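Dear colleague,

Please find the structure below, handed over for your use. A short account of the findings comes after it.

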Amino acid sequence: MKALDYADSLMKREGKQRVAMNEATFRKVNEGMEVGQDPSGLLTFVCECGRLGCNKLIQLTRAEYEAIRQNPRRFAILDGHEIPEVEGIVERHDRYVVVEKAGDPEAEIVEHTDPRRPLD
Ligand SMILES: [Zn+2]
């Protein structure tokens, strides 16, 4: 492999890791936001996309949010905020879409940072 190709692939790998870390951070924020809200209506969360500087809000019912949190690889984001290189859309809703991580190392990162992950 040429040095330049190597640098390129390394940067791509680091970029993917950064995206996964951003998403993991927003998930943690949302776990805190869920607790403080009336569970009967629409709850407000931050978009869990990995884009730098995204501070958009999304609304989900508690049940919708809980369904996503059942899978550590899934995140709720605004339509159009997905990053096709690192995730695929698995569900489309009016207010949000659900993306799922498939590749390594992102899938591993988001699984290990899952706040609901049982302790070993
Ligand atoms: Zn976003």
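The notes below cover an aromatic pair, a helix contact and the nonpolar core.

This is a predicted model, in which local features need pLDDT of at least 70, side-chain atom pairs count only at pLDDT 80 or more, and totals for chains, interfaces and linings use all residues. Residues are numbered from 1 along each chain as its sequence is written, and side-chain values use heavy atoms, without hydrogens and water.

There is 1 aromatic pair (ring centres of Phe, Tyr or Trp, the last by its six-membered ring, within 6.5 Å; stacked if the planes are under 30 degrees apart, edge-to-face if over 60, otherwise tilted). Phe45 and Tyr65 are stacked, at 4.2 Å centre to centre with 10° between the planes. Phe45 lies in strand β1 (residues 42-46) and Tyr65 in helix α2 (residues 62-69), 20 residues apart (helices, H or I, of at least four residues and strands, E, of at least two are DSSP runs, numbered from the N terminus). Phe45 is buried because its relative accessibility is 1% (buried is under 20% relative accessible area, exposed over 50%, partly exposed in between, with a 1.4 Å probe and protein chains only). Tyr65, also at 1%, counts as buried.

Tyr65 also takes part in the contact of α2 with helix α1, together with residues including Arg27 and Glu31 of α1 (contact means heavy atoms within 4.5 Å).

Ile58 is among the residues with the most contacts inside the largest nonpolar core, which has 20 residues (buried Ala, Val, Leu, Ile, Met, Phe, Trp, Tyr and Cys joined through side-chain atoms within 4.5 Å). Beyond its neighbours within four places in sequence, Ile58 is in contact with residues including Phe45 and Cys47.

Yours sincerely
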